[in-house]
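Subject: Structure handover

Hello,

Here is the structure for you to look through. My notes on what was found come after it.

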Amino acid sequence: MTLDDRKRPRTDMKTEVLDKSIVLCRACDLVVRKRALPTGVRALCPRCHTNLYDTPYCSVNGMLALCITALVLYFPANFFPVLEMHFLGSIRTTTIAGGAMAVASQGYWVVGIAVLVAAVIAPGLLIVSILTQVLIVKYRLRVPFFRNIYKKLLKQHSLLAQLSMLEIYMISIFVSVFQLSDYTDLYFGIGTFCFTMLFIMVIFMQREYDIEHMWSVLDE
């Protein structure tokens with residue numbers, strides 16, 4: 001090794017270590033670039049056939065179907081009545097967005113904004129973000145404009161996923177029904193069905209979404 005080689009910064013080595021798309025075989029130390037796998041398929045080392053990783057992901061068409069279904073359910077889930085209460089001859093209905101506004105109107109602005117962001121705004125942005133990514137990948141929109149949008153959406157995905165908390169609102173609905181069932185007659189509306197299905201679709205969408213695979217598509 002010459003003196004120039006010692007002074008030369010080892011940027012390539014650092015890049016290989018930090019590159020999450022590369023995996024090292026634990027048996028023969030072969031460097032293998034990770035690829036997205038269909039569900040139930042394992043990646044084996046081409047040299048010694050050792051199991052490297054198992055990362056199931058949904059196909060592009062499957063992700064597109066989940067996103068479109070979630071987007072169709074999003075509007076009735078948030079703007080159609082979730083609960084209908086009959087109490088002493090009076091009938092009251094409530095929606096997800098209306099509940100957040102009602103909490104804010106009573107002076108609890110922080111709680112109202114938190115509910116509005118976690119149950120309405122963030123899930124909608126998450127669905128639109130994943131749908132846009134899938135469309136860019138499916139139709140191979142490789143022009144710089146769409147590549148920049150794709151990068152920004154990937155960078156903001158973790159934040160949107162953390163802000164989307166449909167499960168908390170779902171639990172609060174069950175608690176409210178349990179507490180009010182002794183005092184009033186409760187009826188579920190079309191919004192309840194759509195919100196439940198939206199909750200299921202978002203769970204499957206986040207489960208099948210693989211951000212490492214989406215970044216690797218950008219590299220390719």
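The largest pocket in this predicted model holds about 480 Å³ of space. A pocket here is an open set of points on a 1 Å grid over the protein atoms alone, where a 1.4 Å probe fits and protein lies on both sides within 12 Å along at least five of seven lines; lining residues have an atom within 4 Å of a point. The volume is the space filled by probe spheres set on the points, which are joined across faces, edges and corners. Of the 20 lining residues, T94, G99, V103, Y169 and S176 are the closest to the centre of the pocket. Two or more lining residues come from each of strand 5 (83-87), strand 6 (90-94), helix 4 (96-105), helix 5 (109-138) and helix 7 (166-180). Helices (H or I, at least four residues) and strands (E, at least two) are DSSP runs, numbered from the N terminus. By type, the lining has 12 nonpolar residues, seven polar and one charged. Ala, Val, Leu, Ile, Met, Phe, Trp, Tyr, Cys and Pro count as nonpolar, Asp, Glu, Lys and Arg as charged, and the others, Gly among them, as polar.

A122 is in helix 5 and is buried at 2% relative accessible area. Buried means under 20%, exposed over 50%, and partly exposed in between (1.4 Å probe, protein chains only). The C-alpha atom of A122 is 9.1 Å from that of L159, 37 residues away along the chain. G98, in helix 4, is partly exposed at 30%.

E208 and R207 form the salt bridge, with their closest N and O atoms 2.4 Å apart. E208 is buried at 13%, whereas R207 is exposed at 58%.

Residues are numbered from 1 along each chain as its sequence is written, and side-chain values use heavy atoms, without hydrogens and water. Local features need pLDDT of at least 70 and side-chain atom pairs count only at pLDDT 80 or more, while totals for chains, interfaces and linings use all residues.

Regards

Notes:
Salt bridge = Lys/Arg side-chain N within 4 Å of Asp/Glu carboxyl O.
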